[in-house]
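Please look at the sequence and the structure before reading on.

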Amino acid sequence: MPKLRFIGGIALVAATVAGCGVAIPSPAEEDPLPSEPTMINYVDPSQVQGLSVRNMNGGDTGDRRVHVAYPSVDDAPRLSEKIRRTVTERLDRFTRDTSMNTALPHPEFNVDWQLAAASDQVIGVRLRTGESLGAGWAESRTTVWYDRVDRRALDSSALLRGDSALTELARIVRESLNGKGSRVDPRAIRPDAELFDSLSFNPHGELVVEFDDYQVAGESLGRVAVAVPAAEVAPLLSATGLRAQRAAAERARTSPPMGPDESIKAANTIKPPARSSKAGSVDCARVKCVALTYDDGPGPDTGRLLDTLARAGARATFFSAGSNAAARPELLWRMRQEGHLVANHTWSHRDLTSLSSSRIADQLDRAQYTIAQATWQVPTLMRPPYGASSIQVAAVARRLGLSVVRWSVDTEDRRDRDPGAIADRAVSQARPGAIILMHDVHGATVDAAPEIVRRLQEKGYTLVTVPELYGSRGMEPGRTYDSAASGGGSGESGSVTRALEKQAMP
């Protein structure tokens, strides 16, 4: 089971200087240490009533790898619309930039999110956008606010009283950085709302200012952030800013602290390996079986999909993204109770082949922990985003006890939102032992489910979870599985996987 090192987004290195708290991390760092004053006490999304997760992908984007997730709250539609516009503008720019250079190797655009605050008066959503144009990885951070009192969706600069307050905040931040020996250039700090587009509060009511990569330095330093003392920032705050500050402080007072021993104990509680509650009821060596698999969820329509599967007596394997799973743990529990299998699809859907071993492990660990806490079972399968795997990915998966699962049938539902076409591809390409790829975050895919299930069952197929396809042969950690079709041996994906395994051997 994963250890405390990733709980709450813990990073590797941070430094603090006198006055304002300043985090100047190593280039690999993403989030602050818990003792660091720029730490934001993120809200558990599962505790916010009416919250669901929306997903976007790049549609027909060729070699581009695009994944976007963001929250939608029932009583704050303007917030969701503002987030959607913010993300769409950046995605459009990314698409234009990558269209100009078709030689780029798999450019990637990725957005994940956290709740900076959530109360009866305000909601704050922190978006982290990562982009790779083929050389390196750059991140930007934007925090969007919704004032439930005024019913307005706002940029972070609206937490301040106006231009004069922004000018004063820029002065405070600039002076906190000046002469501290950091690699940040204080001259880059100016009263520009776009520069100060990620503002939130730590549990002490201090204003946390985050900067994007390359905004305040000539190199990528990872997360650069400053914490401005509450007494200094209070005169600068607008009514919305004061509400946001109170929300952070009130949550800190009402949330009982969990000590390290308790956190480690919770993370390490022994849980059994994931297994369908109906496993063993079908012998796929004797009957025709296929495995329906759904990636990226849970999404807004996942409950409806579960209803369809329950009515038909069918089961599936859900490769859940950790950030989505954290928002809807009750759906993961329902999956387990109804005989489905929940598996690992990483935390934020990054292309694992572009990451170091430690980052691959972090992506899998965080999702593993979240899914295990929701289902009380430890996943034994993982699916790499975009199906992109490597020797390194397989080696990390093996260490974590995870088999790598890809697919033999692609319904192309990421690009084609026609339920009839999705159903036709799923059924026409199905063979005994097939693993069928779909995504439960798309409404059209869920709409196609009744037709897919009906037609497959009429053809004599039994719909089972992925491990059931392999029966007594089992599935090995670190090995890649595309299909359990006859002639596939123990499920390896042909000569490519055998070569990967041979190279990965010490």
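D424, E451, R454, R455 and E458 are linked in a network of salt bridges. A salt bridge here is a side-chain nitrogen of Lys or Arg within 4 Å of a carboxyl oxygen of Asp or Glu. The structure holds 36 salt bridges.

The model is predicted: local features need pLDDT of at least 70, side-chain atom pairs count only at pLDDT 80 or more, and totals for chains, interfaces and linings use all residues. Residues are numbered from 1 along each chain as its sequence is written, and side-chain values use heavy atoms, with hydrogens and water left out.

**The chain as a whole**

The chain contains 14 helices and 19 strands. Both kinds of element are DSSP runs numbered from the N terminus, with helices (H or I) of at least four residues and strands (E) of at least two. Of the 506 residues in the chain, 56% are buried. Buried means under 20% relative accessible area, exposed means over 50%, and partly exposed lies in between (1.4 Å probe, protein chains only).

Among contacts in the chain with a separation of 6 or more, 69% are between residues 24 or more positions apart; a contact means heavy atoms within 4.5 Å. The chain exposes about 20600 Å², and carbon and sulfur atoms supply 50% of that area. Accessible areas come from the Shrake-Rupley method with a 1.4 Å probe, and for residues only the protein chains shown count as cover.

| Pair | N to O distance |
|---|---|
| D351 and R65 | 2.5 Å |
| R334 and D307 | 2.6 Å |
| R187 and D185 | 3.0 Å |

D351 forms a salt bridge with R65. D351 lies in the loop between β13 (341–344) and α9 (357–375), and R65 lies in strand β3 (residues 65–73), so this pair ties together parts that are 286 residues apart in sequence. D351 is buried, with a relative accessible area of 4%, and R65 also counts as buried, at 12%.

R334 and D307 meet through their side chains. R334 belongs to helix α8 (residues 329–337) and D307 to helix α6 (residues 302–312), so the pair ties together parts that are 27 residues apart in sequence. R334 counts as partly exposed at 23% relative accessibility, as does D307 at 33%.

In the pair of R187 and D185, R187 is exposed, at 73% relative accessibility, while D185 is partly exposed, at 27%.

**Strand β17**

How many of the five residues of strand β17 (residues 435–439) are buried? Five of the five are, and the strand is mostly covered. In a regular strand the side chains alternate between the two faces of the sheet.

Which strands pair with β17? Strand β11 (residues 289–295) pairs with β17 in the parallel sense over five bridges, and strand β16 (residues 409–410) runs parallel to β17 and is joined to it by two bridges. Two strands pair if DSSP finds at least two bridges between them.

L437 in β17 stands opposite T293 and also opposite D410. From β16 the chain crosses through helix α11 (residues 419–428) to β17, in a right-handed β-α-β crossover. Right-handed means that, with the strands pointing away from the viewer, the path from the first strand over the helix to the second runs clockwise.
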